[in-house]
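Me: I would like to examine the pocket and the aromatic contacts of this protein. Please take the questions in turn.

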Amino acid sequence: MKMIIRPMVLTALAFGLALPAMAQEAPATTDPVAAAAPATEAAPATDTATEAAPTIKPEQYLGNPEYMLNLDLSTGGRVVVQLYPDVAPHHVERVKQLARAGFYDGVKFHRVIDGFMAQTGDPTATGQGGSELPDLKAEFNDTPHLRGTVSMARAQSPDSANSQFFIMLQPRFSLDHNYTAFGRVVSGMQFVDAVQKGEPPAVMSRMVQVSVAADNKPMPPASMLTEDQPAKPATDITADQLNAPIQR
């Protein structure tokens with residue numbers, strides 16, 4: 001019996017020791033899709049403006065004052081912008097938020113290229129400034145950059161839009177899917193056309209007041225919707241002028 005029991009005990013001990021070793025050598029089962037994905041760091045906390053926004057249909061926002069922006073310009077009148085929350089909800093909310101905070105009031109058009117676009121939204125009027133809010137994640141969409149389209153300016157990174165925006169003076173389809181279009185001028189485009197041109201302009205036109213239409217802010221008085229005119233270049237004196245009779 002001793003000869004029989006001892007081998008059985010040794011065999012059981014050997015098998016018991018082998019099980020942990022097998023468990024260590026056997027690979028853990030994984031989801032093949034998850035295994036193929038690269039490891040990523042935990043995502044940092046983001047501003048609520050980057051969270052998913054509820055969908056909205058055109059019939060809910062077209063002509064709705066809550067999604068209309070009034071730009072009262074120093075060129076003499078009010079520009080009305082229809083916002084597009086269905087394609088760029090976070091950019092629309094950002095512009096509305098800044099408008100309601102008075103951020104845009106008095107801000108100048110610092111870069112205006114004739115036949116292209118008029119850019120504003122920088123309180124420093126240098127092209128380098130913005131708000132204290134976090135930059136926005138791009139919301140590139142199928143809205144074409146036509147005359148009157150309002151789109152967000154940005155730096156090199158697609159996710160660097162903050163407060164600056166531009167209004168198209170003429171179509172430029174090369175900007176499509178590279179900049180976030182979030183609205184279009186529906187009235188008052190003549191006041192955008194009249195904005196002083198230059199990079200920067202000698203005299204900068206400005207947004208006297210920017211408001212959400214639902215807030216029913218009255219347009220500033222006409223005396224505020226004016227601006228200085230750039231000095232006219234000196235003209236050469238001609239021989240005819242030298243020979244002209246003196247006017248008394």
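Me: What volume does the largest pocket have?

Reply: This is a predicted model, in which local features need pLDDT of at least 70 and side-chain atom pairs count only at pLDDT 80 or more, while totals for chains, interfaces and linings use all residues. Residues are numbered from 1 along each chain as its sequence is written, and side-chain values use heavy atoms, with hydrogens and water left out. A pocket is an open set of points on a 1 Å grid over the protein atoms alone, where a 1.4 Å probe fits, with protein on both sides within 12 Å along at least five of seven lines. With volume taken as the space filled by probe spheres set on the points, the largest pocket has about 460 Å³.

Me: Which geometry do the rings of Phe 165 and Phe 182 adopt?

Reply: Rings of Phe, Tyr and Trp (its six-membered ring) pair if their centres lie within 6.5 Å; planes under 30 degrees apart count as stacked, over 60 as edge-to-face and the rest as tilted. For Phe 165 and Phe 182 the centres are 6.3 Å apart and the planes stand at 85 degrees, so the pair is edge-to-face.

Me: Is Tyr 179 buried, partly exposed or exposed?

Reply: Buried means under 20% relative accessible area, exposed over 50%, and partly exposed in between (1.4 Å probe, protein chains only). Phe 166 has 5% and is buried. Tyr 179 has a relative accessible area of 23%, so Tyr 179 is partly exposed.

Methods: On a 1 Å grid over the protein atoms alone, a cavity is a set of points where a 1.4 Å probe fits but cannot get out, and a pocket is an open set with protein on both sides within 12 Å along at least five of seven lines; lining residues have an atom within 4 Å of a point.
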